[in-house]
Number of protein chains: 2
Amino acid sequence: MKLSTRTRYGIRAVLELAENYGNGPLRLKIIAQRQEISLKYLEQLMTVLRSAGFVRSIRGSKGGYLLAKAPEKITISDVFHCLEGSVVTVECVENESYCPRTNDCIARQVWTEVHKAVMGVLQSITLQNLVDRAKNNKGLSDIGFENEKEQINLQENGKTN
Amino acid sequence: MKLSTRTRYGIRAVLELAENYGNGPLRLKIIAQRQEISLKYLEQLMTVLRSAGFVRSIRGSKGGYLLAKAPEKITISDVFHCLEGSVVTVECVENESYCPRTNDCIARQVWTEVHKAVMGVLQSITLQNLVDRAKNNKGLSDIGFENEKEQINLQENGKTN
DNA sequence: TTATTTCCTACTGTATTAGTAGTATATTAT
DNA sequence: ATAATATACTACTAATACAGTAGGAAATAA
């Protein structure tokens, strides 16, 4: 059950934009270099995010990309759905008519729970949350993850929109 | 992020064995019919589960497959790992040396949390748990999913383009 | 011996992924 | 006006994984 590079790259790119929020457009070339992503590939991903309304672009010299909303208004779930399509590990979880035995299928219950668990995590984290974590990490150097759990718990309310 | 049919079929097959636990071997032909899975394909999946020690087989006439352990000793996580390879949504979650920026990468923290959440669900459910649920469901006929649906609806805010 | 069932190996069409490539269009600076 | 820069759009492609199919060998029971 691997995640596509689309989603991984996309989230890293959007995170760059979040860190740059308020400072005007950021060129994809810079993001591509910093994140070691193919520029041309990145362009394609950004197009998707743009038509979904999460980022906007400015063309031409001195152009680039910006977040279209404040970083606290965009969850990882938003970006994920946009690029990965769906968390749906199994079709029947969201589409009940997909399989005739939906009601009896105990396996489906498992996938439903997995689905909920993943959604719970993705929806609880905003871009702003991650930017904040990044700042804290820098402060702590690479001592690491000590207060990770506390931070996560604080974010349990997330889900603005 | 879709689940392969390998894992889905495998779990359904193993669930059949769990329901049949204590009653001798069950033929793949029966499982294939009941679960609408290609027999030949199912054979391959069972081979994997067999060499991992979760099921054992009896060849020849009156042969078939049995669980190699009690259903309460096998978790969904066990079967999942055996067939899907890994929950690892992203390589760097389990393999720290995969990427040089592991320590600084905030995106990685997200995938780590997703990973933990999924593992938590999969590890908490045994085959016996599911057999028990199936019995309860039969008692309730198909009344039983009321709460389930409500919970799913709460999560439908999708922005899926 | 015959019917049944698992075991083993190899092959294959389809779809997706992760890009690459080229060109067009918009914007800024000179 | 022109050059430089950056996004926008379209098309193509190599590699891989997925989801089977196919055929026969070996074991077992009746």
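**View 1. Glu113(B) and Arg133(A) are joined by a salt bridge, with N and O 3.0 Å apart.** A salt bridge here is a side-chain nitrogen of Lys or Arg within 4 Å of a carboxyl oxygen of Asp or Glu. The pair crosses between chains: Glu113(B) lies in helix H6 (residues 106–124) of chain B, and Arg133(A) in helix H7 (residues 127–139) of chain A. Helices are DSSP runs of H or I with at least four residues, numbered from the N terminus. Glu113(B) is buried at 10% relative accessibility, and Arg133(A) is buried at 2%. Buried means under 20% relative accessible area, exposed over 50%, and partly exposed in between (1.4 Å probe, protein chains only). The whole structure has 8 salt bridges over all chains.

The model is predicted, so local features need pLDDT of at least 70 and side-chain atom pairs count only at pLDDT 80 or more, while totals for chains, interfaces and linings use all residues. Residues are numbered from 1 along each chain as its sequence is written, chains are lettered from A and ligands numbered from 1 in the order in which they are written, and side-chain values use heavy atoms, with hydrogens and water left out.

**View 2. In chain A, Glu16(A) pairs with Arg34(A) in a salt bridge whose closest N and O atoms are 3.0 Å apart.** Glu16(A) is buried, with a relative accessibility of 9%. Arg34(A) is partly exposed at 47%.

**View 3. In chain B, a salt bridge connects Glu16(B) and Arg34(B), the closest N and O atoms being 3.0 Å apart.** Glu16(B) belongs to helix H1 (residues 5–19) of chain B and Arg34(B) to helix H2 (residues 28–35) of chain B, 18 residues apart. The relative accessible area of Glu16(B) is 8%, so this residue counts as buried. Arg34(B), at 46%, is partly exposed.

**View 4. H1(B) and helix H4 (residues 76–84) of chain B have axes that come within 9 Å and cross at roughly 140 degrees.** H1(B) is therefore oblique to H4(B). Angles under 35 degrees count as roughly parallel, over 145 as roughly antiparallel, 65 to 115 as roughly perpendicular and the rest as oblique. Axes are lines fitted to C-alpha atoms, for helices over the stretch in contact, and angles run from 0 to 180 degrees between N-to-C directions. The crossing is right-handed, meaning that the near helix is turned clockwise from the far one by less than a right angle (anticlockwise for left-handed). Contacts (heavy atoms within 4.5 Å) involve Arg6(B), Thr7(B), Gly10(B), Ile11(B) and Val14(B) of H1(B), and Ile76(B), Val79(B), Phe80(B), Leu83(B) and Glu84(B) of H4(B).

**View 5. H2(B) packs against helix H3 (residues 39–51) of chain B at about 115 degrees, the axes being 9 Å apart.** This crossing of H2(B) and H3(B) is right-handed. Leu28(B), Lys29(B), Ile31(B) and Ala32(B) of H2(B) meet Leu39(B), Leu42(B), Glu43(B) and Met46(B) of H3(B).

**View 6. Helix H4 (residues 76–84) of chain A is largely enclosed by the rest of the structure, because 9 of its 9 residues are buried.** The buried residues include Phe80(A), His81(A) and Cys82(A). Gly85(A) follows H4(A) and has a positive phi, near 95 degrees.

Terms used: Helices (H or I, at least four residues) and strands (E, at least two) are DSSP runs, numbered from the N terminus.
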